[in-house]
Amino acid sequence: QIVILDFGSQYTQLLARRIREMNVLAEVIGFHHTKAELQAKYPNLKGIILSGGPASVYEEENYTIDPNLLDGQIPVLGICYGLQLITHLHNGKVEPAAKQEFGKAQLFLDVPSNKLFKNVPDGKLVWMSHADHISVLPKNYIQTAHSDNSVAAIKHNEFEIYGIQFHAETTHSEFGEQMIKNFVFDIVQAQKDWYINKFIDSAIAEIKNKVGNDKVILGLSGGVDSSVAATLISKAIGKQLICIFVDTGLLRQNEGLQVMETYTKNFDMKIKMVDASAKFYKALKGIEEPETKRKLIGKLFIDVFTEEARKLSGDAKWLAQGTIYPDVIESSKEGHVSKTIKSHHNVGGLPEDLGFELLEPLRDLFKDEVRNVGRELGIPSLMIDRHPFPGPGLGIRVIGEVTKEKCDILRKADAIFINALRENNLYNKVSQAHVVLLPIKTVGVMGDNRTYEFVVGLRAVNTIDFMTATSSHLPWEFLDSVVNKIINEVKGVNRVVYDITSKPPGTIEWE
Ligand code: XMP
């Protein structure tokens, strides 16, 4: 097992995923853990990676590690800030660079025989992103590679301690994956033992063992995480699992039906459907401000769910959630205060004091691993390969005040867009697509008559991590046909626009 000590780099999770794709378990953890703590927590610890991050070693003394981690007993790879920290802790010098390096740089190997460079040719491109650089090498280290402007790699004379200034984990680094492989298999000598099948078997055994004969309840949203969690748990304990599916009235067309059919028919699950739509529409009446809507929807969802759960709580001891690894990592991030752009609500965001014990079988998995588990369990692609859908649902896609009538209009328009994407083999080529309904009416002409109806906006984006995104370049003819179909078939809409704003400065949702 490999542990990544996180200093807040935007690439940390990517790095963990890269290693897991090599069938080796990698975990991300805060940087402050001592060597003894890490060894107690991970008895099978074989290697440590120090991530990059925005700090400077000469400015922020607190962003450091237990020096015992560099005693040579465990192989270490420092990336970017990690390399600078090793340098700083081992009596080298790190300073602001006269020439910063952001973007691609050529990597010239000074010691091509270095284990990290096995099968890596000289002069290949790597991805740099640093303002500081090494000005004096740490004691007992040699420089193993350089770029035009910096020391690009170092290695301890004796110990298996390596540092690289570039980000080998990004695809922009041409032989980056090879270097990570070299660290994982040649230096750490990790075993390949992280497989989805094995995960499923051990998760099922663990669920059975934990839960025994008790009952478990789970809030099913139709999203990937809660669906996979439900399916996995139901494989383990069958009808001891009771799912609650809340229809908020803010779901997409036929969504409730689809979820019920898929999981009751294919997986024989026990699902309790609660129609709370009237409650939601009532609560949303007259409310326009996005954050107020988000909070209100989140709170009402919790209330409805809690009420249903309490009805079952005589029986049930466990509350299962589809919490996944990025949720766990984000909530334990130290030292990074980010501004709230939107208060996210999802079914996983239930309060902890509901009086149940928590069952979270997907806690250790990244999203793509969760999808693989779902596929392996036989959940249809229609459910597994869906675009993300926000917890507040159509509540934040009807801009301004939400009413049932507006939701119905939006559902129809959205279904036309999404079905057209599927029919034209475009659905899997975009990361997320949806329609929003604007709170304004415009004038149009249909036949010989004046119309005065709503405007809808089509949104389609491509992104890897949903933190940044670009609008999808959908074919003009395709957009043309979608616009036609919406105007012809959706009563109440007479104008359609396509949003080409990227994120930032826009966000993916409009609210
Ligand atoms: P934004 O609009 O912030 O969205 O660019 C980024 C991604 O997050 C989804 N999103 C949410 N997901 N609860 C969720 O579970 C929420 O409250 C929420 N708000 C936005 C959005 O659909 C996109 O995939």
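Colleague: In which sense do strand S10 and strand S13 pair, and over how many bridges?

Modeller: Two strands pair if DSSP finds at least two bridges between them. Here S10 (residues 215–219) and S13 (residues 316–320) pair in the parallel sense over 4 bridges. Strands (E, at least two residues) and helices (H or I, at least four) are DSSP runs, numbered from the N terminus. This is a predicted model: local features need pLDDT of at least 70, side-chain atom pairs count only at pLDDT 80 or more, and totals for chains, interfaces and linings use all residues. Residues are numbered from 1 along each chain as its sequence is written.

Colleague: Which residue is the bridge partner of Val216 in S13?

Modeller: Trp318.

Colleague: What is the order of strands in the open sheet?

Modeller: The order is S12-S11-S10-S13-S14, with parallel pairing. S12 (270–275) and S14 (357–359) stand at the edges with a single partner strand each, so one side of each has no neighbour in the sheet.

Colleague: Which residues have the most contacts inside the largest nonpolar core?

Modeller: A nonpolar core joins buried Ala, Val, Leu, Ile, Met, Phe, Trp, Tyr and Cys residues through C-beta atoms within 7 Å. Buried means 20 or more other C-beta atoms within 10 Å of a residue's own, with C-beta atoms placed from the backbone. The largest core has 74 residues, and Val216, Leu218, Ile233 and Ala413 have the most contacts inside it. Helix H6 (residues 224–237) gives the most, with 8 residues.

Colleague: Why does this core lie between domain 2 and domain 3?

Modeller: Domain bounds come from an automatic or database domain assignment. Domain 2 (196–384) and domain 3 (397–498) both give residues to this core, so it lies between them.

Definitions and conventions: A residue is buried if 20 or more other C-beta atoms lie within 10 Å of its own, exposed if 12 or fewer, and partly exposed in between; C-beta atoms are placed from the backbone.
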